[in-house]
Amino acid sequence: EAVIAKYPNLTQEQAVYWSGRVLGQIDQNQRAVVLQQKQLENDAKDAVNEMKADIETGLIPSEDVIKSRLARVKGTERESEFIQYSGALVEVQQFMRLGADEREAYLSKKRSEAQNTAQDNAKDVSWKLNLLSKTHENMLGYEKNNSALAYSIKTGQDLTVVPTHAILSGNPEAIAALSKNIKSIHANNILNGTVGSLNPFTTQQQAELKQFWEKARPGDKLSLLTSLYKSSAGNANASRDMISSIAGESGAYRLSASLNNRGLQDIAGQIITGQDLLDKNLVKVDDNALRTYTATYLAGITSPGKPDFQIYLESVKANYAYLVQKSEKVADSKGSILNKTIDEDLFNKAILNVTGGKFTSGGFFGSKSVVLRPHTVSEKAFREQLESFNSRNARTYGGSDKDFFLDLPLEQDPKNPYVYYFKNGTKYIMDATDKKRQTRLTFKVR
């Protein structure tokens, strides 16, 4: 009727048709408006979530990105939430640059204030605490597993980019750059009181190196491990963190890299080949029996439960597996050979390969002790050099005791297997040429 009233020349049928057309168009327009509004709200929600994710992960967005996201939330229900996140940027950035203990103390203080002080905006305080807690949790993860990102967040600077292909090829400049990155991470950790990983690889690099590792031959694996070992520049923790992130936790990989770096390529190759056989379940070894044999041999040097014992044990196991395979002796499902849990001849070869052998020091007037020898120094040569050292220095340090140094126990330097120190009770013999007596007297073998 309204249509006929406005357009009297139309018939009833025409009026009904056109009224239907108009109503359909109105409905379509309304649906378009609702859809557009929904799209705007969804985009605004995405903008807020992007902002939240960036802040929580420590990736502080640029000013242009913030402006772009603000435009997406403008006039929507999400605008106030976005502004809340934007307002927290500075505090979160400063918070994430603190050390782990400092962040925990900061959170504890904020929680205590929230509980013991009347809050006009309790909801906002709770929101801020949750945000800081999440960023703290993420930073702990970065410090443990992604030190490159942790360093970038804390310093505002990126580490030197080292191409993966350059690492795999053993490029000297790449090794030097990795070493520099490790030192930067280490220095920053000390500055912030952080006990975190020293692995300089990004998560993408770790994935690329693992992909290479899974398909590589033992020789290529050893080359990579040796490059990583060199880049650690003597930092055992850095070497451990890099190697374990790619090759796994076995100490055999770390020791093989160290031996190869010292020119003991044959032994290093045997160890890594044996570990490869173990990883592929191609050789079976009786773990309990091997542990007992190894503990007996290393008695007085180290013992089960200590980190260095575990490294020796895993390396002996790998070398033993190599020797079993090479000997063509068949081990049963438990690792026994000819009804013996451990083949003693093969074990003796493996333990000598891994440790270099032993030397018993100390005498009648001092407690005896056992130390490991360098791989290139025989027991006879070791004893002759010790006797020569004693004849030159006994009178200076021991007075009338002509066997002074022969009676004292030795301690091997953990970083240099060719250097030893003398123990006199609980104390070290100090170098007489050092007037302040702050330098240990060293015995070096060749």
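By class, the residues lining the second largest pocket are eight nonpolar, seven polar and one charged, where Ala, Val, Leu, Ile, Met, Phe, Trp, Tyr, Cys and Pro count as nonpolar, Asp, Glu, Lys and Arg as charged, and the others, Gly among them, as polar. The model is a predicted one, in which local features need pLDDT of at least 70 and side-chain atom pairs count only at pLDDT 80 or more, while totals for chains, interfaces and linings use all residues. Residues are numbered from 1 along each chain as its sequence is written, and side-chain values use heavy atoms, with hydrogens and water left out.

The protein chain as a whole has 19 helices and six strands, helices (H or I, at least four residues) and strands (E, at least two) being DSSP runs numbered from the N terminus. Of its 446 residues, 41% count as buried, a word that stands for under 20% relative accessible area, with exposed meaning over 50% and partly exposed in between (1.4 Å probe, protein chains only).

**Empty spaces**

Rolling a probe the size of a water molecule over the atoms shows where empty space is left. On a 1 Å grid over the protein atoms alone, a cavity is a set of points where a 1.4 Å probe fits but cannot get out, whereas a pocket is an open set with protein on both sides within 12 Å along at least five of seven lines, and lining residues have an atom within 4 Å of a point. Grid points are joined across faces, edges and corners, and a volume is the space filled by probe spheres set on the points.

| Space | Volume | Lining by class |
|---|---|---|
| Largest pocket | about 1,200 Å³ | 15 nonpolar, 13 polar, nine charged residues |
| Second largest pocket | about 250 Å³ | eight nonpolar, seven polar, one charged residues |
| Largest cavity | about 60 Å³ | three nonpolar, three polar, two charged residues |

The largest pocket is lined by 37 residues, and those nearest its centre are Asp308, Tyr312, Asp413, Pro414 and Lys415. Among the elements that give two or more residues to this lining are α17 (307–327) and β3 (410–412).

Around the second largest pocket there are 16 lining residues, with Ala148, Leu159, Val161, Pro200 and Thr202 nearest the centre. Two or more residues each come from α8 (147–155), α10 (172–192) and α11 (203–215), and the largest share, three residues, is that of α8.

The structure holds one cavity of 30 Å³ or more, and the lining of the largest cavity consists of Glu143, Ser147, Ala150, Tyr151, Lys154, Ile185, Asn188 and Asn189. Both α8 and α10 supply at least two residues of this lining, with the largest share, four residues, coming from α8.

**A helix pair**

The axes of α12 (residues 218–231) and α15 (residues 265–279) come within 9 Å and cross at roughly 115 degrees, the axes being lines fitted to C-alpha atoms over the stretch in contact and the angles running from 0 to 180 degrees between N-to-C directions. Pro218, Lys221, Leu222 and Leu225 of α12 make the contact with Ala268, Gly269, Ile272, Thr273 and Asp276 of α15, contact meaning heavy atoms within 4.5 Å.

**A residue in a strand**

Val419 lies in strand β4 (residues 419–424) and is buried, with a relative accessible area of 9%. Leaving aside neighbours within four places in sequence, Val419 is in contact with Glu411, Gln412, Asp413, Thr442, Phe443 and Lys444. Val419 and Thr442 are 23 residues apart in sequence and 6.5 Å apart in space, C-alpha to C-alpha.
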